[in-house]
Amino acid sequence: MTGAATQPPTTPRSVLFMCGMNAIRSPMAEALAKAALPSGTYVASAGVRHGERDPFVDVVLAEVGLSVGRHQPRTLDELEDDYFDLIVTLAPEAHHLALDLTRSMAVDVVYWPTPDPTVATGTREQIVDAYRAVRDHLATLINRRLVVAPAGEKA
């Protein structure tokens, strides 16, 4: 598949990032997307089940000048809004649920396989490196697939 085939013609007006517990991957993607997408774009995140906030997310986002702020993990049931132009799933269980929930809706659901950094072992630095890899992976995907360059420029 070429880059042009994955590039949307316009930036979505609203994006939901979903993962297992809304503790690492989806809040990280939410923060990165809010920084990269136009200010009028509504970006949110949610999980399939309840999770606990992960301090390593704050560490690796701070390295790039971002923060999840007061984010507390939430499930789909806790979202204020339930209509999105695009749902990006980052874990298999989130993808299956999103497809099931949107079966009769006109919403795009895409799956971006993203590793779970909590499985990393070793020193603190090796563990933080796993979180950095997830952050960089998500930033690359957001910039390649969601950020639309102005006319005449390449994304």
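1. Lining of the largest cavity. The residues around the largest cavity divide into five nonpolar, two polar and two charged; here Ala, Val, Leu, Ile, Met, Phe, Trp, Tyr, Cys and Pro count as nonpolar, Asp, Glu, Lys and Arg as charged, and the others, Gly among them, as polar. The lining consists of Asn 22, Ala 23, Pro 27, Arg 53, Asp 54, Val 57, Val 68, His 71 and Pro 73. The space inside is about 40 Å³, and a search of the whole structure finds one cavity of 30 Å³ or more. A cavity is a set of points on a 1 Å grid over the protein atoms alone where a 1.4 Å probe fits but cannot get out, and lining residues have an atom within 4 Å of a point. Grid points are joined across faces, edges and corners, and a volume is the space filled by probe spheres set on the points.

2. Basis of the model. This is a predicted model, in which local features need pLDDT of at least 70 and side-chain atom pairs count only at pLDDT 80 or more, while totals for chains, interfaces and linings use all residues. Residues are numbered from 1 along each chain as its sequence is written, and side-chain values use heavy atoms, with hydrogens and water left out.

3. Secondary structure. The protein has five helices and four strands (DSSP runs numbered from the N terminus: helices are H or I of at least four residues, strands E of at least two). Along the sequence they follow the pattern α-β-α-β-α-β-α-β-α.

4. Of the 155 residues, 43% count as buried, meaning under 20% relative accessible area with a 1.4 Å probe and protein chains only. A nonpolar core is a set of buried Ala, Val, Leu, Ile, Met, Phe, Trp, Tyr and Cys residues joined through side-chain atoms within 4.5 Å. The largest has 28 residues, and Phe 17, Met 28, Leu 90, Trp 112 and Ile 142 have the most contacts inside it. At least two residues of this core come from each of β1 (14–19), α2 (25–36), α3 (55–62), β3 (86–89) and α5 (124–145). With seven residues, α5 supplies the largest share. A second, separate core has twelve residues, including Met 18, Phe 84, Ala 98 and Val 109.

5. A pocket is an open set of grid points with protein on both sides within 12 Å along at least five of seven lines.

Key
Buried < 20%, exposed > 50% of the residue type's maximum accessible area, 1.4 Å probe, protein only.
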